[in-house]
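This report goes through a few local features of one protein chain. Please look at the sequence and the structure before reading on.

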Amino acid sequence: MEFTRRATFVAGGVSCLFVGVGYRLWDLQVARHDEFRAQADENQFNTRLIAPLRGDIYDRYGNVVANNVPDFRVLVIPERTDNLRDTLVRLAAVMPLEAEQIDRILNKAKRQRSFLPILVKDKLDWETYASVNFHSTEMRGVVSEIGASRAYAEDAGAAFVVGYVGSATADDITRKREAADTDEAAEKAELLYRQPGYKVGKSGLERTLDDRLQGDPGSVRVQVNAHGRVIETYKDNAQPPSQGTAIGLTIDKDLQAKTLEVLASNYGEYPDEALGPHPLSASAVVLDIITGDVIVMASTPAFDPNVFSRGIETKLWRELNESPLKPLLNKPVQGTYPPGSTFKLLTAIAAQEQGIDPSTTVYCNGTYRFGGRDFTCWKKEGHGRLDMEGSIKHSCDVYYWHLATQLGIDQIAEVAQRYGLGQTYDLGIGAEAEGIVPSQAWKRAYYRNDPPNQTWFPGETLSVAIGQGAVTASPLQLAVMSARIATHKAVTPRLVRAIGGSLVPEPLFEELPGDPQNVKVVQDGMNAVVNEWGTAARSSLLPDFKMAGKTGTSQVVGLRRDPVTGRRLKNEEIPWQFRDHALFVAFAPYENPRYACSVVVEHGGSGSKAAGPRARDIMRAVLEKDPSNYDKHQFWKGQQDLTEVAMLGGAR
């Protein structure tokens, strides 16, 4: 009886177990068949991304500045090699491959799955690519392919504007993931960024407009095994990628190249044996004062952005960083300099706004005594009696020291900021230097940790009034200043003229505060500087065009004298890095202004000798760009007809 009861319990338990197992099998194989089949398909089939082409970048007339070109590249798949290091060493005998590059590839192989390819080198020439293909049978795991890479027009000279691209870093991937709306989008972005050879914007507009330029990736369905290795690719259902948005710049590629040629030419500069026959570190900016378009933004010496796109070598990177000419510095927006006598234009406006009559004359005998000290005019024998227009024409220091004693620094600072100094313009090409417009508040803030509390001294105003002392400005700010003086409007620069084939609407600039007649006095003075035997008579554009301008020479160090004789040394007698900076600002045509420019030649000596003639040749090239459209009564009357040319559709 006991045996029967025990057997019954055991049989019942076994029956329940079989029923449970049977139900579970039915549930998995019948009831949830569709669900698990879908999961199995997801494990078996994957979607792989196809990298898109970046959008092309054009100048204002549709000339290519940056585009995509066929890229011969070599990759290695670690799991297919017998020994990864040995394979790379053999590969180095066929193509240029440094030891540090081999180490980089080996380190990357340790951080990712062995069946994923690693980019060894791209942008190979045809001979090297063919040689790798010829020897590929001897090197297991080496794969060659033709992709696309970013290329920049070497004659565009727009490296600082356009920028360059490079491989995505961990920080780039993190930023992209954080900017994604969903987890799926974040995962997709990371997969794209990790693809061998994929590049993202690193500087300039390539970085600022990266999201627009990147485009949308395509996709292709692949069959994979349990380890994620691709077994088969199904191209029938592939979705092609979409190229990124095309961007049209305000820059004129031809004028940019011409400006670089002018800046690098020898205009009689004295050599410095340590730096070469005629070392130059210079910059220039040209603005269309009606639209704010930056026609030219040039810096020399320039660098080739292609070397960054293909991976810059350590030696070249070190040379660029250590050069005293600072080729990696975007001088038009990041370089700041004492504006020298170009600042006198603003002092003249401030003086008139404080009620000083521009017809009032001041006598210059070559010196000005203030605070028990004699200040010497640049023309030591003096200029004689001058009114305001004459003071601009001859750039008389004594006249402006006289004005400085009647003005407060805050009045000068307000005018300087109104006309474009001490501010940035968000052009999208990286950090812009604000420069310094000194005022009482600025000095208190600057010296807040230096007791006792610093106050502004009247003698400091004398220095600022002639563009020395604490005041500094960038070449872009000086060009804006010139444009605002030419128009009496709040001209603001821009670098992007068209996006995706559509022109960006032209801005309307508001009138600046103040009496336009005050600015007219300054305009007439600038005309006299160039066209009436002023300090820049050698820079006149006559008889074809009439340009108004102002020279500037800013001191880098104090008075330089021979330690033996006490004689004051000339610029050419001292080392290059201690020579004065040369500056020039201008607008043209004088009667009906359309363009404004600034030129700065670092350690160039004299603004009238080094900067003025360069500005003359640059502005002549700008004005002669389309002589058929030039009319003395309506300058470039065909300007509005150029919109179709600037449209990007098919303009390649």
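## Contacts of Arg-54

The model described here is predicted. In it, Arg-54 touches Asn-68, Arg-150, Val-165, Lys-199, Val-200, Gly-201, Glu-206, Asp-210, Leu-213, Gln-214, Gln-243 and Gly-244, leaving aside residues up to four places away in sequence. With one of these, Asp-210, Arg-54 makes a side-chain polar contact of 2.8 Å.

Arg-54 sits in the loop between strand E1 (45-50) and strand E2 (57-58). Is Arg-54 buried or exposed? Its relative accessibility is 6%. Buried means under 20%, so Arg-54 counts as buried.

## Helix H4

Helix H4 covers residues 99-111, which makes 13 residues. At 1.5 Å a residue the helix should span 18 Å, and its end C-alpha atoms are 19 Å apart, so the two values agree.

Which residues of H4 are buried? They are Gln-101, Ile-102, Ile-105, Leu-106 and Ala-109. Because these residues cover an arc of only 140 degrees around the axis, they lie on the same side of H4. Lys-110 and Arg-111, on the other side of H4, are exposed. The buried residues of the helix pack against strand E3 (64-76), helix H3 (84-92) and strand E4 (118-121).

## Two cis peptide bonds

Thr-300 and Pro-301 are joined by a cis peptide bond, with omega about 0 degrees. Pro-301 belongs to the loop between strand E12 (294-300) and helix H12 (306-309).

Another cis peptide bond runs from Ala-588 to Pro-589, and its omega is near -15 degrees. Where is Pro-589 found? Its place is in the loop between strand E20 (581-588) and strand E21 (595-601).

## Positive phi values

Ser-395 is a residue other than glycine, yet its phi is positive, near 55 degrees. Ser-395 lies in the loop between helix H16 (388-394) and helix H17 (397-404). Its relative accessibility is 4%, so Ser-395 counts as buried.

His-488 is not a glycine either, and its phi is positive at about 55 degrees. This residue is in the loop between helix H21 (475-487) and strand E17 (496-499). At 6% relative accessibility, His-488 is therefore counted as buried.

Technical notes. Residues numbered from 1 in each chain as written. Predicted model: local features only at pLDDT ≥ 70, side-chain atom pairs only at ≥ 80, totals over all residues. Heavy atoms only, no water. Helix = DSSP H or I, 4+ residues; strand = E, 2+ residues; numbered from the N terminus. Buried < 20%, exposed > 50% of the residue type's maximum accessible area, 1.4 Å probe, protein only. Polar contact = N/O pair within 3.5 Å; in protein donor to acceptor, adjacent residues only side chain to side chain. Contact = heavy atoms within 4.5 Å. Expected span 1.5 Å × (residues − 1). Arc of directions from axis to C-beta.
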